[in-house]
Amino acid sequence: MKLAIWDLPPAEFLVSGFTSGAVSNPFDILRYRPEECARRLVQGEVDIALLPTTLALQAADSIDVVPSIGLVSWKYPYARLAWSGGLRDYPETIAYDRRVSQERFIARVVLQEHYGTEPAFVPYDGLTPRQLLETEEDAALLVGNDVPAMQLDAFSMDIGREWYELTNYPMVWGLFVMQRDRVNDEVTEALVDARETAEENRDVWVMAQETSERLGEFYREDLRSALDRLAMASLTELRQYMFYYDLTDEVPDLPFVFLGQGDDEEDDGPGSPPPEAPPSSGNQPPTAGPDFPKGDLPDIGLGDDG
């Protein structure tokens, strides 16, 4: 069974229980960019993939989500928005890699809802984060492995932290997804075992990364692997914003498949569906979104028969 994860260290942490050899691994683990994971799942080249949450929610009618495990964080040093003006001089245009649709969406929501500004996002193809900084746009959305170590002369904001400050919840960046009606006990139990083992061995994994003190703090304190109550509340906020910003025709369902594995008190695990969060404990979404056309995020519909 082929499992596609992102080629980013936070995604590696999610499966570190497997790669450490501490638990049985039924998967051939492959590593790609997030949008490539989505493409390979759609094409049937992999059986399960870590998908950006916005893509998974857009395809809610065609996929199932494995419960209890996801890529969740309070901060996210792998996605930063940088410009020279600071909070007193917001950018009018933002350069971004058109492939990073989820980060672009979160940045737009944060800028409008938290700071009351609506800059134009200008897509570029194939530019590195450093090259995006060198475009003629006022700001750059920087996403990728190199971003945490970049020395920036400009003001920058961590859009994961900004999401938390807007909603009071951590951001759910990724979900493990299979085509509809393919999730089973073997897959769910294996991923839950890997997640629990990863959490138990977090300090060992972080030390093995030989990373900076700041990034080590992120791995220890801010990165989470459980879809707990706070993560579920964040998903509710995200679903509402996707609807209000016209990315979906209605508030999308959460297409989790819950199997009979017993209750997990800490994570509200797969034995019972987690509770639906209240509409918001932070700022309310607008009653009408800006002109944000459907299709801004890739359509990964799988068809009725999967």
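**Strand β6 and its setting**

Modeller: The bridge partner of Ala 95 in strand β7 is Val 122, where strands (E, at least two residues) and helices (H or I, at least four) are DSSP runs numbered from the N terminus. This is a predicted model, in which local features need pLDDT of at least 70 and side-chain atom pairs count only at pLDDT 80 or more, while totals for chains, interfaces and linings use all residues. Residues are numbered from 1 along each chain as its sequence is written, and side-chain values use heavy atoms, with hydrogens and water left out.

Strand β6 (residues 93–97) and strand β7 (residues 120–124) run parallel and are joined by 5 bridges; two strands count as paired if DSSP finds at least two bridges between them. A further parallel pairing, over 2 bridges, connects β6 with strand β8 (residues 139–143), and there Ile 94 has Ala 139 of β8 as its bridge partner. Together with helix α5 (residues 101–115), β6 and β7 make a right-handed β-α-β unit, meaning that, with the strands pointing away from the viewer, the path from the first strand over the helix to the second runs clockwise. As 4 of the 5 residues of β6 are buried, the strand is largely enclosed by the rest of the structure; buried means under 20% relative accessible area, exposed over 50% and partly exposed in between, with a 1.4 Å probe and protein chains only.

After α9 comes Glu 210, whose phi is positive, near 50 degrees.

Helix α1 also takes part in one of the 12 salt bridges found in the whole structure, a salt bridge being a side-chain nitrogen of Lys or Arg within 4 Å of a carboxyl oxygen of Asp or Glu. In that bridge the side chains of Arg 31 and Glu 12 meet at 2.7 Å, N to O; Arg 31 lies in strand β2 (residues 28–32) and Glu 12 in α1, so the pair ties together parts that are 19 residues apart in sequence.

Elsewhere, Glu 36, Arg 39, Arg 40 and Glu 45 are linked in a network of salt bridges. Within it, Glu 36 bridges to Arg 40 with the closest N and O atoms 2.8 Å apart, and these two, being 4 residues apart in helix α3 (residues 34–42), are separated by about one helical turn. Arg 39 and Glu 45 have their closest N and O atoms 3.5 Å apart.

As to confidence, the mean pLDDT of the protein, which is the predictor's confidence in each residue from 0 to 100, is 86, and 84% of the residues reach 70 or more. Over residues 261–306, however, the pLDDT is below 50, although beyond near neighbours in sequence this stretch has 109 contacts in the model, contact meaning heavy atoms within 4.5 Å. Where pLDDT is low, the predicted coordinates should not be read in detail.
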